[in-house]
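This briefing covers contacts between side chains in one protein model.

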Amino acid sequence: MKVNIPLQVIDMQGDGYHLLVNVKIGRKKYNVVLDTGASKTVFDHELLAKANKSIVMEATHRLSAGLGTLSMESFTAVVPVFNIGRLELPDFEVAVLDLSTINQAYAQLNHPEVLGVLGGDILMQYKAVIDYGKKRLKLEV
């Protein structure tokens, strides 16, 4: 079965484009950035804590390369119910970092707040196809 998920294209004002995907944690909706360069799906520590206060975040000793630093404190968490369109991922493990600087930059450009990034772990597993023309993410379930 294929799942088609709408994409929102945002203009980074002369510095390219970002693709946003609407996701749900429980019943709450959030935006995430579709990031083909991210090896793993990553959520913001503060926003995830607000999304579901019962989610436990465990510290990890992994280095978080690719976000401008190797010394950022990182965590993992298991999200009980995570939905991307009609795709439901129960007990989905995510990396958790402080992504507040991303949201500060988005706010300066009048873009919506994002929970985090949708990474290669999901994109590879569900054979993602990005259709820029139709502004759609296709996943195979």
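Which residues form one aromatic cluster? Phe-43, Phe-82 and Phe-92 do. The model is predicted: local features need pLDDT of at least 70, side-chain atom pairs count only at pLDDT 80 or more, and totals for chains, interfaces and linings use all residues. Residues are numbered from 1 along each chain as its sequence is written, and side-chain values use heavy atoms, with hydrogens and water left out.

**Aromatic pairs**

- Two aromatic pairs turn up in a search of the whole structure; rings of Phe, Tyr and Trp (its six-membered ring) pair if their centres lie within 6.5 Å, and planes under 30 degrees apart count as stacked, over 60 as edge-to-face and the rest as tilted.
- The pair of Phe-43 and Phe-82 is edge-to-face, because the ring centres are 5.4 Å apart and the planes stand at 70 degrees.
- Phe-43 belongs to strand S4 (residues 42–44) and Phe-82 to strand S6 (residues 74–84), so this pair ties together parts that are 39 residues apart in sequence. Helices (H or I, at least four residues) and strands (E, at least two) are DSSP runs, numbered from the N terminus.
- Phe-82 also forms a stacked pair with Phe-92, at 5.5 Å centre to centre and 25 degrees between the planes.
- Since Phe-92 sits in strand S7 (residues 87–97) and Phe-82 in strand S6, the pair ties together parts that are 10 residues apart in sequence.
- Phe-43 and Phe-82 are buried, and Phe-92 is buried as well; buried means under 20% relative accessible area, exposed over 50%, and partly exposed in between (1.4 Å probe, protein chains only).

**Salt bridges**

- Side chains of opposite charge can pair when their charged atoms come close.
- The whole structure holds four salt bridges, each a side-chain nitrogen of Lys or Arg within 4 Å of a carboxyl oxygen of Asp or Glu.
- One of them joins Glu-140 and Lys-2, with the closest N and O atoms 3.3 Å apart. Distant parts of the chain are linked here: Glu-140 is in strand S10 (residues 136–140) and Lys-2 in strand S1 (residues 2–11), 138 residues apart.
- Lys-40 forms a salt bridge with Asp-121, with 3.9 Å between the closest N and O atoms. Lys-40 lies in the loop between strand S3 (28–34) and S4, and Asp-121 in helix H3 (residues 120–125), so the pair ties together parts that are 81 residues apart in sequence.
- Within helix H1 (residues 45–51), Lys-50 and Glu-46 are four residues apart, about one turn of the helix. Their salt bridge has its closest N and O atoms 3.3 Å apart.
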